[in-house]
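Please look over the sequence and the model before reading on.

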Amino acid sequence: MRIDILTVVPELLGDPLNYSIIKRAKDKGLVEIYIHDIREYGKGNYRQVDDYSYGGDAGMVLTIEPIHKLMDELKAQREYDEIIYMSPDGQLLDQPLANHLSCKTNIMILCGHYKGIDHRIREHLITREISIGNYVLSGGELAAAIVCDSIIRLIPGALSDETSALSDCFQDNLLSPPVYTRPAEYNGWKVPEVLLSGNPKLISRWQEEQAWERTRLLRPELIEGMEGEDK
Ligand code: SAH
């Protein structure tokens, strides 16, 4: 998979995508991430990429031309499955959307900044808009890093234990059961007995029960109408 990220603040994106599972996925050749500075396509000596908004609202707006030029250059080199704009009014990122995107070959992600981007970019050049939650960030960069993280860890081979992505929260609409590691007792706090039993059947039944119980308790809306069907 190849991901191209378009931004006016490339510095915000280096570090979050250079460690841990994402770094390993890059080293294994499972994903290539390219960060493009929109400013390099900006106008004049000052490499201008923004301008005042029509209508006089406070805040600068990213202009069409530099983004269009950069996109055209990239699109001339390969076909993109998705050209995504990060936006607080986009489709909310969730596990099914991450699953969907993790199967793609080439993805472009455009990060807005300041007051946003000229709306004509969204109308004519974007195939999907994604929000990471109902709040407003200063720029799309951290949101784009979150999208990347959520999809890269799903690429087969990215996690050392491949089944572990399947047992994460939300993969089956259930929250994860709690996990424990050594020591079996710390400060008088004990690991649930069943996990020490060595009986895989009992353990997986306990984990399933816990997943249902935690979901019922913490996020009942995830399983509305599902109970009785699967259980
Ligand atoms: N004026 C815009 C907000 C601009 S915030 C509005 O009210 O909709 C600047 C940039 O940050 C946006 O262009 C977008 O790319 C990014 N951004 C802000 N909040 C976001 C969120 N919740 N999810 C994804 N991107 C977001």
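A pocket, as the word is used here, is found on a 1 Å grid over the protein atoms alone, and is an open set of points with protein on both sides within 12 Å along at least five of seven lines, while its lining residues have an atom within 4 Å of a point. Its volume is the space filled by probe spheres (1.4 Å) set on the points, which are joined across faces, edges and corners. The model is predicted, so that local features need pLDDT of at least 70 and side-chain atom pairs count only at pLDDT 80 or more, whereas totals for chains, interfaces and linings use all residues. Residues are numbered from 1 along each chain as its sequence is written, and side-chain values use heavy atoms, with hydrogens and water left out.

| Pocket | Volume | Lining by class |
|---|---|---|
| Largest | about 810 Å³ | 17 nonpolar, 13 polar, ten charged residues |

Of the 40 residues lining the largest pocket, Val61, Lys115, Gly116, Ile117 and Asp118 are the closest to its centre. Strand E5 (82-92) gives the most to this lining, with five residues; helices (H or I, at least four residues) and strands (E, at least two) are DSSP runs numbered from the N terminus. The second largest pocket has 13 lining residues, and those nearest its centre are Ser167, Asp168, Leu175, Ser176 and Pro177.

Around the ligand there are 20 residues, the closest being Tyr85, Met86, Gly112, Tyr135 and Leu137, where a residue counts if one of its heavy atoms lies within 4 Å. A polar side-chain atom of tyrosine 85 is 2.6 Å from a ligand oxygen atom. A polar backbone atom of glycine 133 lies 3.0 Å from a nitrogen atom of the ligand, and a backbone N or O atom of leucine 137 is likewise 3.0 Å from a ligand nitrogen atom.

Two backbone details remain. Arginine 182 and proline 183 are joined by a cis peptide bond, with omega of about 5°, and proline 183 sits in the loop between helix H6 (141-152) and strand E8 (185-186). Arginine 47, although not a glycine, has a positive phi of about 55°, and arginine 47 belongs to the loop between strand E2 (32-37) and E3.

Technical notes:
Nonpolar A, V, L, I, M, F, W, Y, C, P; charged D, E, K, R; others polar. Polar contact = N/O pair within 3.5 Å; in protein donor to acceptor, adjacent residues only side chain to side chain.
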